[in-house]
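Have the coordinates open while you read.

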Amino acid sequence: MNDWSARQYLKFEDERTRPPRDLLAQVPLDRAERVVDLGCGPGNSTELLIERFPDAEVIGIDSSPDMLRQARARLPRCTFVHGDLATWMPKSRTDLLFGNAVFQWVPDHAAVLQRLLRALPAGGVLAVQMPDNTGEPALALMREVAEKGPYAGHPELYNAARDDLPTPGDYYDLLRPLCSHLDIWHTVYNHVMTGPAGIVEWFKGSALRPFLDALESEQRTAFLADYTARIARAYRARHDGKVLLRFPRLFIVAAR
Ligand SMILES: C[S@@+](CC[C@H](N)C(=O)[O-])C[C@H]1O[C@@H](n2cnc3c(N)ncnc32)[C@H](O)[C@@H]1O
């Protein structure tokens, strides 16, 4: 997959930064010495961690050079490291591993969460948020366009769709034996978008990326036009012309 675009991702910075605020509000730590922002992106979630733990060493880790560039420019005093969460391990005495909107991109992420939790000291916290929206029209329509358009059969499109998340019960069974405290919940946001094109812009910064990366420029334009038309039919304009992007997200806070 091509690199992420920090600029595209940050077009909806306020909306995208609300889930990490809500996640951090449930982290049961009064103080912390070492905190790691896993999949720190452009540094928006890292900034929240610095505000909450001003005396801690806060480190951001990400696999995208473009995101790391943006994060370093935003928070020059913070340490940002290039790394892949599939294999990365925390240093000993890390108090908080915070992963907002990243683990849905990590293959076999449930096993990675178990591994990271095991690496924490007693009382250390793993806090995670992932979009749980594969059943929403915005995601279903990506799959529909990929299956029905002229690009149907394109091999890379088969792997472009994200898998459904495991259920809360599955996460409970996997993580509870490793925890002293486990909190799992869903929040459904309803983001106000200026119109259907706003929804397309939103997902160009995230879930659409693997679909668009798989296609040549002309096909990409056709894919986006088809997707945009379907989004306009699926998301009804409200009385003021705006549309609501319904967005369920899953939250997990686990203390060792
Ligand atoms: C949706 S952004 C989340 C950014 C930020 N944490 C936030 O709260 O808005 C996901 C980030 O995860 C990073 N990422 C995806 N897979 C990764 C992996 N295997 N290892 C490290 N970072 C990864 C991407 O580069 C991207 O910056």
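Predicted model: local features only at pLDDT ≥ 70, side-chain atom pairs only at ≥ 80, totals over all residues.

Residues are numbered from 1 along each chain as its sequence is written, and side-chain values use heavy atoms, with hydrogens and water left out.

**Single residues**

Alanine 101 is buried, with a relative accessible area of 18%. Its phi is near 60°, a positive value in a residue other than glycine. Alanine 101 is found in the loop between β4 and α5 (109-118); helices (H or I, at least four residues) and strands (E, at least two) are DSSP runs, numbered from the N terminus. Arginine 93 also has a phi near 60°, positive although the residue is not glycine. This arginine is in the loop between β3 (79-82) and β4 (96-100). Buried or exposed, then, for arginine 93? Exposed, at 62% relative accessible area.

Here are some accessibilities side by side.

| Residue | Relative accessible area | State |
|---|---|---|
| Cysteine 40 | 1% | buried |
| Cysteine 179 | 11% | buried |
| Leucine 126 | 1% | buried |
| Glutamate 218 | 71% | exposed |

Glutamate 218 lies in helix α11.

As for the cysteines, how many disulfides does the structure hold? The count is 0, where a disulfide is a pair of cysteine sulfur atoms within 2.5 Å. For cysteine 40, the closest cysteine sulfur belongs to cysteine 78, and at 8.2 Å that is too far for a bond.

**Cores**

A nonpolar core here is a set of buried Ala, Val, Leu, Ile, Met, Phe, Trp, Tyr and Cys residues joined through side-chain atoms within 4.5 Å. The largest one has 55 residues, and the members that touch the most others are Leu96, Phe203 and Tyr227. There is also a second, separate core of 26 residues, which includes Val112, Leu120, Leu178 and Leu182. As background, nonpolar side chains tend to be buried together in soluble globular proteins.

Contact means heavy atoms within 4.5 Å. Skipping neighbours within four places in sequence, tyrosine 227 is in contact with Ala138, Leu141, Met142, Val145, Val200, Phe203 and Leu208. Leucine 126, placed in strand β5 (residues 125-131), has its own set on the same terms, including Leu97, Leu113, Leu117 and Ile252. Its C-alpha is 39 Å from that of arginine 238, 112 residues apart along the chain.

**Helices**

Helix α2 (residues 13-24) has 12 residues and should span 16 Å at 1.5 Å a residue; its end C-alpha atoms are 17 Å apart, which agrees. The expected span is 1.5 Å times one less than the number of residues. Buried in α2 are Arg16, Thr17, Pro19, Pro20, Leu23 and Leu24. Seen down the axis, these buried residues fall within an arc of 145°, so they line one face of the helix; the arc is that of the directions from the helix axis to the C-beta atoms.

Over in α5, 7 of the 10 residues are buried, so this helix is largely enclosed by the rest of the structure. Among them are His109, Gln114 and Leu117. The cover over these buried residues includes β1 (34-38), β4, β5, α8 (168-175) and β7.

In helix α9 (residues 196-204), the buried residues are Gly198, Ile199, Val200, Trp202 and Phe203. They pack against α2, α6, β6 (181-193), α10 (209-213), α11 and β7 (243-255).

**Aromatic pairs**

Rings of Phe, Tyr and Trp (its six-membered ring) pair if their centres lie within 6.5 Å; planes under 30 degrees apart count as stacked, over 60 as edge-to-face and the rest as tilted. The structure holds 7 aromatic pairs. Tyrosine 151 and phenylalanine 223 have ring centres 5.3 Å apart and planes at 55°, so the pair is tilted. Tyrosine 151 lies in the loop between α6 (137-148) and α7 (155-158) and phenylalanine 223 in helix α11 (residues 217-234), so the pair ties together parts 72 residues apart in sequence. Both tyrosine 151 and phenylalanine 223 are buried. Elsewhere, ring pairs link Phe12, Trp202, Phe203 and Phe247 into a cluster.

Technical notes: Buried < 20%, exposed > 50% of the residue type's maximum accessible area, 1.4 Å probe, protein only.
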